[in-house]
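Welcome! Have a look at the sequence and the model below, and then we can walk through the inside of this protein together.

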Amino acid sequence: MLRFGIMSTAKIGRELVVPAIQDAENCVVSAVASRDLGRAREMADRFSVPHAFGSYEEMLASDKIDAVYIPLPTSQHVEWTIKAADAGKHVLCEKPIALKAEEIDSLIAARDRNKVLITEAYMVTYTPVWQKVRSLIAEGAIGKLRHVQGAFTYFNRDPDNMRNIPGLGGGGLPDIGVYPTISTRFVTGREPMRIQAVTERDPKFGTDIYSSVKADFGDFEMTFYISTQMAARQVMVFHGTDGFIEVKSPFNADRYGAEEIELTNRNHSESQIFRFPDSRQYKREAEAFADAARGGKADVVTLESSKKNQEVIDAIYRASEKDGWEPV
């Protein structure tokens, strides 16, 4: 069993990732760390975790864990990922793992010198939903892919939420713009070459709250919009010459509806619906990570792939400052 230490008592860890690790077949939560020992002990007791630490450094120095899960504010991901790797721990870090593509080079160096696994927590790549989309496209179920369309929106104007605080790495593109990007790259195996984009920032927070993006992948294009101040919506559509695939609730199925794919043929005379009840994406993510950390063959998101994904986000910001195309 791979023994995880949880770095902070953040909501995503409490509500989603820790329960998933505890439910997994090949890993377990052995410790929780917080800068407030009382909060660490409270969370540890809630999940019957044996060890609690009052600092991140103390947990990293402990022999009670083999790996860490990092759900800290985005601005702290690079710093603590490197510290964990240098302590000899494998690292599963929440997305985005960095705020600039160039920062990921330091993570690759930390991974290589310490011979540990470091991966970004893109849970979507482990789900049967997205693996099915990938296989349908590869099998030619929609003919030649011509266009990908996506949307990911929610409404959050809480000034104390990290997503609305620039100094903590807030903003819509780091938080949710990464998802249409990673999912399209995952199912097609292709990389965008150039970007056009429009981005709007909140006049009070200073964070990006809306982006409309066009990405040129060569023989197909992707368009998507994201917002942190619009009514909640998620959808991804892959449109080809012979049909299209609509992914319902593609990223957060428990909050946006059923985990479902609809495949429709060219003239709408036939459709197939594929349902994936309770795909448990965080459990699958934890199990794949644990297998890979122990030298298994499970596919995980590499830092090299993370860098390519962040290069797209960086290009969107640059494209938003100009007219016309921006190379990735």
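This is a predicted model: local features need pLDDT of at least 70, side-chain atom pairs count only at pLDDT 80 or more; totals for chains, interfaces and linings use all residues.

Setting aside residues up to four places away in sequence, Ser183 touches Trp130, Met236 and Phe251.

- Ser183 belongs to helix α7.
- Is Ser183 buried or exposed? Its relative accessibility is 1%, so Ser183 counts as buried, the cut-off for that being under 20%.
- The side chain of Ser183 also reaches a backbone atom: the oxygen of Tyr179, at 2.8 Å.

**Aromatic rings**

- How many aromatic pairs does the structure hold? The count is nine.
- One of these pairs is Phe152 with Tyr179, whose ring centres are 5.8 Å apart; their planes meet at 45°, so the pair is tilted.
- Phe152 sits in strand β7 while Tyr179 sits in helix α7, so this pair ties together parts that are 27 residues apart in sequence.
- Phe152 and Tyr179 are both buried.
- Another aromatic pair, Phe217 and Phe220, is stacked, with 4.6 Å from centre to centre and 15° between the planes.
- Phe217 and Phe220 are both buried as well.
- Ring pairs also join Tyr122, Trp130, Phe152, Tyr179, Phe238 and Phe251 into a cluster. Two members of that cluster, Trp130 and Phe251, are also contacts of Ser183.

**The largest pocket**

- The largest pocket holds about 1,100 Å³ of space.
- Its lining is made of 40 residues, and those closest to the centre are Lys11, Ile12, Met162, Arg163 and Asp175.
- Which elements each supply at least two residues of this lining? They are α1 (11-23), β7 (145-155), α7 (172-188) and α8 (253-256).
- The largest share comes from α1, which provides five residues.
- Sorted by class, the lining of the largest pocket has 17 nonpolar, 12 polar and 11 charged residues.

**The second largest pocket**

- About 350 Å³ is the volume of the second largest pocket.
- Of the 15 residues lining the second largest pocket, Thr125, Arg134, Phe186, Val300 and Val301 lie nearest its centre.
- Helix α7 gives the most, with three residues.
- The classes in the lining of the second largest pocket are five nonpolar, five polar and five charged residues.

**Cavities inside the protein**

- How many cavities of 30 Å³ or more are there? There are two.
- The largest cavity contains about 60 Å³ of space.
- It is lined by 13 residues, with Val129, Ser249, Pro250, Glu259 and Gln281 closest to its centre.
- By class, the lining of the largest cavity consists of five nonpolar, five polar and three charged residues.
- The second largest cavity contains about 40 Å³ of space.
- Its lining is formed by Ile97, Ile104, Glu120, Tyr122, Val178, Ser306, Asn309, Gln310 and Ile313.
- Which helix gives the most to the lining of the second largest cavity? That is helix α10 (residues 303-319), with four residues.
- This lining of the second largest cavity has five nonpolar, three polar and one charged residues.

**Val17, a buried residue in α1**

- Val17 is found in helix α1, the element that gives the largest share of the lining of the largest pocket.
- With a relative accessible area of 2%, Val17 is buried.
- Beyond its neighbours within four places in sequence, Val17 is in contact with Ile12, Tyr69, Glu94 and Tyr282. One of these, Ile12, is also among the residues closest to the centre of the largest pocket.
- How far apart are the C-alpha atoms of Val17 and Ala286? They are separated by 8.1 Å, although the two residues are 269 residues apart along the chain.

Note on methods:
Residues are numbered from 1 along each chain as its sequence is written. Side-chain values use heavy atoms; hydrogens and water are left out. On a 1 Å grid over the protein atoms alone, a cavity is a set of points where a 1.4 Å probe fits but cannot get out, and a pocket is an open set with protein on both sides within 12 Å along at least five of seven lines; lining residues have an atom within 4 Å of a point. Grid points are joined across faces, edges and corners, and a volume is the space filled by probe spheres set on the points. Ala, Val, Leu, Ile, Met, Phe, Trp, Tyr, Cys and Pro count as nonpolar, Asp, Glu, Lys and Arg as charged, and the others, Gly among them, as polar. Buried means under 20% relative accessible area, exposed over 50%, partly exposed in between (1.4 Å probe, protein chains only). A polar contact is a pair of N or O atoms within 3.5 Å; within protein, one must be able to donate a hydrogen and the other to accept it, and residues adjacent in sequence count only if both atoms are side-chain atoms. Contact means heavy atoms within 4.5 Å. Rings of Phe, Tyr and Trp (its six-membered ring) pair if their centres lie within 6.5 Å; planes under 30 degrees apart count as stacked, over 60 as edge-to-face and the rest as tilted.
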